[in-house]
Amino acid sequence: MAENNEQNPENCTHDCSTCGANCGSRHDPADLIATPHEGSLIKNVIGVLSGKGGVGKSAVTELLAVQLAKAGKKVGILDADITGPSIPKAFGLTERAMGDETTIYPVVTKDLNIDVMSINLLLENPSDPVVWRGALIGGTVRQFYTDVLWKDIDYLLVDMPPGTGDVALTVFQSIPLDGIVVVTTPQDLVSMIVGKAIKMAGLMNIPVLGLIENMSYVSCPDCGKKISIFGESKLDAVAAEYDLPVLARLPIDPTLVSAVDAGQIESYANAQVTDEIDKAIGMIK
């Protein structure tokens, strides 16, 4: 007989595949999926995930959103990184999101009409820390899907917090993701942690659409030579190990940092980066 993981929660995979028949926590996974706001029409939901922080996951989310919008798609960004929200800053959003008893309305970006919902759009002071426990953070992320009016969205991008903790689990269990994109960088350590993110997605039966390597190289401004400042990339080996496509390799670009800091990500136009993002979009559509 299978061991009851209600008594041994450290063995639980959260998908009931290892749980004993009498486990009181057993649920049909379909029962956990949240229902979007009745006025929402969302065609595709894609999560952007990294195994750890500091790899530029939010920047990749922003670039994907901008290039999709420039291609004529209606795009939304659900900022699930509750304790480290950065999406509003990149788009220059300073107004607070409005709502009523039944609905929260996303804030729309000024140039490309991208719908954005982030905790920083609800705080009176965006610099105030969010000092919440995991259950409250997870509930907020769920509300960003159920209570926000995501109207006529072709692609809803979910900017997930780094790692494989409570909030990532909440997203995987409650938001009907069509797939995730995993963001990495060339270092060995990051490649190892990427494996954890991929395996978590597999446990939750979420398709991994592919890998995007950020900070892959820097181009010499004089000769154009690509310099691998973090060492040789292990991306191809990781992709082969998990049988996943490499969607893009993004260079380090100081002008991208400047655009994000200035809230002007919508006008960012370095073809070396945007062409790679367009290639990634073409592979995951």
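I started with Val-181 and found its bridge partner in strand 9, Gly-210. Strand 8 and strand 9 (residues 208-213) run parallel and are joined by 5 bridges. I count two strands as paired if DSSP finds at least two bridges between them. Strands (E, at least two residues) and helices (H or I, at least four) are DSSP runs, numbered from the N terminus.

I note that this is a predicted model, in which local features need pLDDT of at least 70 and side-chain atom pairs count only at pLDDT 80 or more, while totals for chains, interfaces and linings use all residues. Residues are numbered from 1 along each chain as its sequence is written, and side-chain values use heavy atoms, with hydrogens and water left out.

Next I looked up helix 3 (residues 134-146), which packs on the sheet. Helix 3 touches strand 1, strand 2 (75-79), strand 6 (115-117) and strand 7; contact here means heavy atoms within 4.5 Å. The direction of helix 3 makes about 160 degrees with that of strand 2. Axes are lines fitted to C-alpha atoms, for helices over the stretch in contact, and angles between N-to-C directions run from 0 to 180 degrees.

I then followed strand 1 (residues 42-50) to its partners. Strand 1 pairs with strand 7 (residues 153-159) in the parallel sense over 6 bridges, and Val-48 has Asp-159 of strand 7 as its bridge partner. Strand 1 also runs parallel to strand 8 (residues 179-184), with 5 bridges joining the two. There, Ile-46 is bridged to Gly-179 of strand 8.

In what order do the 8 strands of the open sheet lie? I read the order as 5-6-2-7-1-8-9-12, with mixed pairing. Strand 5 (107-108) and strand 12 (246-249) are the edge strands, each pairing on one side only.

Of its 285 residues, 49% count as buried, meaning under 20% relative accessible area, with exposed over 50% and partly exposed in between (1.4 Å probe, protein chains only). Of the contacts in the chain with a separation of 6 or more, 74% are between residues 24 or more positions apart.

Last, I checked Ile-227, which lies in strand 11 (residues 226-227). Ile-227 is partly exposed, with a relative accessible area of 37%.
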